[in-house]
Amino acid sequence: MQTPSFSSSWILLPVRRWFVVLSLLVALLLNFLPNVPWLWMPDWVALVVIFWGIREPRLVGMGWAFLLGLAMDVADASVLGQHALAYVLAAYGATTLSRRVLWFPLLQQALHVLPLLLLVQLVQLCVRAMPGLAFPGWTYFAGPFVGAALWLPLTFLLLLPQHQPVDRDANRPI
């Protein structure tokens, strides 16, 4: 029995919309968890929006990013539009880079995702600094590095329902 390879050249089944919506909602619920003691936790919504923005740019784009960002702003009781602006910029970057990123193996894809995750944190930091809030420290930027490190298992989990069965028919070449 073969184990599936998760490279970009693997032929996948079409993505189901309900699975994309479910993954976005699970990411939103993960962001709702209290993570004050763990500053290194990644921004799950940003990570999943970037993933689907790269994999399915026509399905998940700036509209989803904006709505999820507003939900995060309300949940965090932060400046309204802080997360929304950051997620929209990340979704724009993901859809812009989607064709380029998919040519690379997963480890190099993580290196492309890291600047997008850092952009999310930097935009949120700049919006927080406008009213005069203090700098949270350099550990604030640990989450994007953890998110980039989680790119491989996240890709495995989110692409698992799209993989074709391993058994092949000898009469069909595909």
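How do the residues of the lining of the largest pocket divide into nonpolar, polar and charged? In this predicted model, the lining holds 20 nonpolar, seven polar and three charged residues.

**Fold**

The protein has seven helices and zero strands, so its elements read α-α-α-α-α-α-α from the N terminus on. Of its 174 residues, 41% are buried. Among contacts with a separation of 6 or more, 73% are between residues 24 or more positions apart.

**Largest pocket**

The volume of the largest pocket is about 670 Å³. Its lining consists of 30 residues, and those nearest the pocket centre are Asn-35, Leu-39, Asp-76, Arg-128 and Tyr-140. At least two lining residues come from each of α1, α3, α4, α5 and α6. The greatest contribution is that of α5, which supplies seven residues.

The table gives the composition of this lining by class.

| Class | Residues in the lining of the largest pocket |
|---|---|
| Nonpolar | 20 residues |
| Polar | seven residues |

**Packing of α6 and α7**

Helix α6, which also contributes to the pocket lining, spans residues 142-149, and helix α7 spans residues 151-159. The two pack at an angle of about 50°, with their axes 4 Å apart. Angles from 65 to 115 degrees count as roughly perpendicular and those under 35 degrees as roughly parallel; α6 is therefore oblique to α7. On the α6 side, Gly-147, Ala-148 and Ala-149 take part in the contact, and they meet Trp-151, Leu-152 and Pro-153 of α7. By class, this contact has five nonpolar residues, one polar residue and no charged residues.

Terms used: Residues are numbered from 1 along each chain as its sequence is written. This is a predicted model: local features need pLDDT of at least 70, side-chain atom pairs count only at pLDDT 80 or more; totals for chains, interfaces and linings use all residues. Side-chain values use heavy atoms; hydrogens and water are left out. Axes are lines fitted to C-alpha atoms, for helices over the stretch in contact, and angles run from 0 to 180 degrees between N-to-C directions. Angles under 35 degrees count as roughly parallel, over 145 as roughly antiparallel, 65 to 115 as roughly perpendicular and the rest as oblique. Contact means heavy atoms within 4.5 Å. Ala, Val, Leu, Ile, Met, Phe, Trp, Tyr, Cys and Pro count as nonpolar, Asp, Glu, Lys and Arg as charged, and the others, Gly among them, as polar. On a 1 Å grid over the protein atoms alone, a cavity is a set of points where a 1.4 Å probe fits but cannot get out, and a pocket is an open set with protein on both sides within 12 Å along at least five of seven lines; lining residues have an atom within 4 Å of a point. Grid points are joined across faces, edges and corners, and a volume is the space filled by probe spheres set on the points. Buried means under 20% relative accessible area, exposed over 50%, partly exposed in between (1.4 Å probe, protein chains only).
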